[in-house]
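Please look through the sequence and the model shown below before reading on. The report that follows is meant to be read with both at hand.

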Amino acid sequence: MEELYAKFVSEKISKTRWRPVPPGSLQTAETFATGSWDNEENHVSLWSIGDFGNPDSDGSLEGDHRLLCDIKHHGDVMDLQFFDQERIVAASSTGCVTIFLHHPNNQTLSVSQQWTTAHYHTGPGSPSYCSAPCTGVVCDNPEIVTVGEDGRINLFRADHKEAVRTIDNADSSTLHAVTFLRTPEILTVNSIGQLKIWDFRQQGNEPSQILSLTGDRVPLHCVDRHPNQQHVVATGGQDGMLSIWDVRQGTMPVSLLKAHEAEMWEVHFHPSNPDHLFTCSEDGSLWHWDASTDVPEKSSLFHQGGRTSTFLSHGINHQANAHQSLTSSWLSTDPAKDRIEITSLLPSRTLSVNTLDVLGPCLVCGTDAEAIYVTRQLFS
């Protein structure tokens with residue numbers, strides 16, 4: 001892989017997301033958004049990579065990501081998602097959810113809509129209203145789902161002032177992240193190691209399914225769904241382990257993979273090449289997991305493959321089904337054949353890598369070292 005270009009931006013980056021490329025378009029990713037945290041003043045910012053890494057007119061190498069525009073954000077940016085080409089949804093530590101609108105003509109961002117009290121604590125011991133951080137957001141136009149430290153799930157529509165649906169006591173613990181399984185169904189992960197599936201077609205406030213890690217109730221911080229196989233889900237948590245789940249069967253992960261040395265903050269399947277998966281951690285590492293079948297057979301399970309690559313076997317395997325390996329390389333059943341190549345993408349350890357996103361050949365990540373790293377050549 002070609003080098004990652006670093007830009008130091010004078011604020012800690014909590015979230016970063018590529019702007020989606022229009023369906024059917026041959027464009028590659030060119031614009032990404034970032035959100036900051038733990039700064040005196042936080043921002044949501046839009047960046048362009050333009051002719052990134054190519055010599056510009058005077059022959060010098062153009063390796064910088066260029067700030068297009070930014071806007072102040074009240075509180076830490078806890079999550080960030082593009083709603084469409086022009087709109088970005090930000091989740092705040094103040095419990096507020098904001099839709100920002102990008103105006104490309106004059107390169108500005110403005111507040112298009114806001115739900116100021118989306119998440120809050122109530123009840124004994126707290127004042128009548130006390131804000132709770134909104135920890136996660138997921139968009140499927142026209143719907144936006146948010147989760148928070150208050151254990152609440154909200155379903156918003158971009159053109160509605162009020163929530164379309166709220167599940168008030170969805171969880172007695174903090175909900176850390178949310179993803180759509182399919183349009184009416186979402187999956188949440190919480191601070192006691194549980195995955196819960198919710199079906200908005202059902203009227204009640206109970207999940208339709210609960211899965212959990214046995215034994216230690218290790219908090220789960222992140223979740224992503226396989227882009228083609230909606231039953232395959234990856235999670236990461238406080239112990240740095242990567243867990244792969246098949247939500248169709250059993251209540252435990254199909255495999256647990258020893259990964260980072262500290263909290264895993266984000267996990268993402270590559271949207272168009274899902275045999276590749278990416279994780280980042282509090283320990284300052286950013287990893288590329290390659291489970292594609294062309295990883296060469298090795299005589300040893302633990303093979304040192306090049307400068308930063310290792311082959312690991314799956315730690316555990318449950319519910320062995322012969323057809324699983326045909327459906328997804330992540331549900332493989334034979335540990336002896338099941339090798340995953342792991343490559344470290346950052347040249348040296350840094351402070352926490354809080355966030356990453358991948359689109360086509362492009363990857364972006366953001367750190368507590370106030371740096372944004374970008375590459376346009378993931379698979380070269």
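The sections below describe strands, nonpolar cores, single residues and salt bridges in this predicted model.

Strands of a sheet pair through backbone hydrogen bonds, either parallel or antiparallel. Strand β16, which covers residues 153-157, has a partner in strand β15 (residues 143-148), and the two pair in the antiparallel sense over five bridges. Within this pairing, Thr146 stands opposite Asn154 of β16. The hairpin of β15 and β16 has four residues between the strands, and Gly151 in this hairpin takes a positive phi near 75°.

Strand β16 also pairs with strand β17 (residues 165-167), again in the antiparallel sense, over three bridges. Here Ile153 has Ile167 of β17 as its bridge partner.

## An open sheet of four strands

Another group of strands forms an open sheet, in which four antiparallel strands follow the order β1-β33-β32-β31. The edge strands, β1 (5-8) and β31 (353-359), each pair on one side only. From one strand to the next, the twist averages 15°. Strands β31 and β32 (residues 362-367) run antiparallel and are joined by six bridges, and in β32 the bridge partner of Thr355 is Gly366.

In soluble globular proteins, nonpolar side chains tend to be buried together. The largest nonpolar core in this model has 19 residues, of which Leu242, Ile244, Leu277, Trp289 and Trp330 touch the most other members. At least two residues of this core come from each of the strands β23 (232-237), β24 (242-246), β26 (264-269), β28 (286-290) and β30 (340-344), and the largest share, three residues, is supplied by β26. There is also a second, separate core of 14 residues, which includes Phe278, Leu286, Leu345 and Val358.

## Two residues and their surroundings

Leu109 is part of strand β11 (residues 108-115). Its relative accessibility is 9%, and a residue under 20% counts as buried, so Leu109 is buried. Leu109 and Leu46 are 63 residues apart in sequence, while their C-alpha atoms are 8.6 Å apart in space. Leaving aside residues up to four places away in sequence, the residues that Leu109 touches include Val44, Leu46, Cys69, Ile88 and Phe100.

His176 belongs to strand β18 (residues 175-182). A polar atom of the His176 side chain lies 2.9 Å from the backbone oxygen of Leu220. With residues up to four places away in sequence again left out, His176 touches Thr135, Gly136, Val189, Asn190, Ser191, Pro219, Leu220 and His221.

## Salt bridges

How many salt bridges does a search of the whole structure find? The search finds 13. In one of them the side chains of Arg17 and Glu266 meet, with an N to O distance of 2.9 Å. This pair links distant parts of the chain, with Arg17 in strand β2 (residues 13-18) and Glu266 in strand β26, 249 residues apart. Both Arg17 and Glu266 are buried, and they belong to a network of salt bridges that also links Lys15 and Asp79.

A further salt bridge joins Asp171 and Lys196, whose side chains meet at 3.3 Å, N to O. Asp171 lies in the loop between β17 and β18, whereas Lys196 lies in strand β20 (residues 194-199), 25 residues apart. Both Asp171 and Lys196 are buried.

Terms used: Residues numbered from 1 in each chain as written. Predicted model: local features only at pLDDT ≥ 70, side-chain atom pairs only at ≥ 80, totals over all residues. Heavy atoms only, no water. Pairing = 2+ DSSP bridges. Polar contact = N/O pair within 3.5 Å; in protein donor to acceptor, adjacent residues only side chain to side chain. Contact = heavy atoms within 4.5 Å. Core = buried A, V, L, I, M, F, W, Y, C linked by side-chain atoms within 4.5 Å. Buried < 20%, exposed > 50% of the residue type's maximum accessible area, 1.4 Å probe, protein only. Axes fitted to C-alpha atoms, helices over the stretch in contact; angles between N-to-C directions. Salt bridge = Lys/Arg side-chain N within 4 Å of Asp/Glu carboxyl O.
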